[in-house]
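Thanks, everyone, for making the time this morning. Let me put the structure up on the screen before I say anything about it.

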Amino acid sequence: MLVLSSPSGAGKTSISRRLLELDDSLSLSISATTRPRRPAETEGEHYFFVSAARFEEMVKTGALFEHAMVFGNQYGTPREPVEEALDAGRDVLFDIDWQGTQQVAEKARDDLVSVFILPPSTEELERRLHSRAQDSDEVVRGRMAKAADEMSHWAEYDYIIINHDLEQSVAQVEAILTAERLKRERRVGLRDFVEGLRIGR
Ligand SMILES: Nc1ncnc2c1ncn2[C@@H]1O[C@H](COP(=O)(O)OP(=O)(O)OP(=O)(O)O)[C@@H](O)[C@H]1O
Ligand SMILES: Nc1nc2c(ncn2[C@@H]2O[C@H](COP(=O)(O)O)[C@@H](O)[C@H]2O)c(=O)[nH]1
């Protein structure tokens, strides 16, 4: 499970989209949220947009792997698609906040790789939030006000990327994925492979 977190607007959605284009073994976890849909968003592709009542039902029935209140809206990771993807041997990419990351770490620390994305500067973060042109000035102000709080969790993450240049940041996450996939404990069947190399000695 590869988690990307950042203050709103630092670029994790942009990095995720590019990674998914480049890496066939990666599936995106699509969250459920009570947040209103942005003009450029599509149901089931960016999020499952649900009512507060439906979200509460998902929490009660254990349908969410993790969930949290972020910027006054509920967000959560549907459990079933994640479990299905992992069972099929795929890696799963999560775009979730620090609260969700802590919950995933409590459940499955050994299967988690977490990456925190920092913006190059506060000014650039604000510029990106405005340039996305999907939220009102009031929403942008609210997200900027909470950026410091989100950023205060950077040290809880395994890796830190400063997102100056999108392609460079994507390459850095790819490098993390490659290294993590090569870790001995993740190499399924490696013992048998090595045993096979000893035949004939
Ligand atoms: N390296 C970069 N250089 C310049 N602009 C960028 C860069 N990365 C992302 N952006 C732009 O910044 C804006 C915010 O990016 P994005 O939506 O990916 O952020 P986010 O971290 O996913 O935000 P949120 O948490 O609100 O979903 C977008 O308009 C995106 O195109
Ligand atoms: N804990 C969770 N956080 C989530 C989830 N899906 C998204 N998020 C985080 O919410 C904010 C705001 O996202 P936006 O799309 O409204 O800009 C951002 O930090 C996301 O990472 C989730 O399922 N769980």
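This is a predicted model: local features need pLDDT of at least 70, side-chain atom pairs count only at pLDDT 80 or more; totals for chains, interfaces and linings use all residues.

Residues are numbered from 1 along each chain as its sequence is written, and chains are lettered from A and ligands numbered from 1 in the order in which they are written.

Let me begin with the core. The largest nonpolar core has 25 residues, and those with the most contacts inside it are Met1, Leu2, Val3, Phe94, Val115, Ile117 and Val173. By such a core I mean a set of buried Ala, Val, Leu, Ile, Met, Phe, Trp, Tyr and Cys residues joined through C-beta atoms within 7 Å; buried means that 20 or more other C-beta atoms lie within 10 Å of the residue's own, exposed means 12 or fewer, and partly exposed is in between, with C-beta atoms placed from the backbone. At least two residues of this core come from each of β1, β5, β7, β8, α5 (122-132) and α7, and β8 gives the largest share, four residues. The helices and strands are DSSP runs, H or I of at least four residues and E of at least two, numbered from the N terminus. If we leave aside neighbours within four places in sequence, valine 3 is in contact with Phe94, Ile96, Thr101, Val104, Leu112, Ser114 and Val115, where contact requires C-beta atoms, placed from the backbone, to lie within 7 Å.

Turning to helix α1, residues 12-22, we find Lys12, Ile15 and Ser16 buried. Seen down the axis of α1, its buried residues fall within an arc of 100°, so they line one face of the helix; that arc is taken over the directions from the helix axis to the C-beta atoms. The cover over these buried residues of α1 includes β1 (2-5), β2 (26-28), β7 (91-95), β8 (113-118) and α7 (166-181).

What does UniProt list under "binding site"? The unreviewed entry gives Ser6, Pro7, Ser8, Gly9, Ala10, Gly11, Lys12 and Thr13, with the caution that such annotations may be inferred rather than shown by experiment. Of these, proline 7 is found in the loop between β1 and α1, and is buried, with 26 other C-beta atoms within 10 Å. Alanine 10 also has its place in the loop between β1 and α1, and counts as buried with 27 C-beta neighbours inside 10 Å.

Now the ligands, where a residue is near if its C-beta atom, placed from the backbone, lies within 6 Å. Around ligand 1 there are 14 residues, the closest being Ser8, Gly11, Thr13, Ser14 and Arg128, and α1 and α5 each supply at least two residues of that shell. Ligand 2 is surrounded by 16 residues, of which Ser31, Ala68, Tyr75, Ile96 and Gly100 are the closest; the elements giving two or more residues there are β5 (64-70), β6 (73-78) and α4 (98-108).

Finally, phenylalanine 71 is found in the loop between β5 and β6, with a positive phi near 50°. Phenylalanine 193, in helix α8 (residues 190-197), is exposed, with 10 other C-beta atoms within 10 Å.

How values were computed
Two residues are in contact if their C-beta atoms, placed from the backbone, lie within 7 Å.
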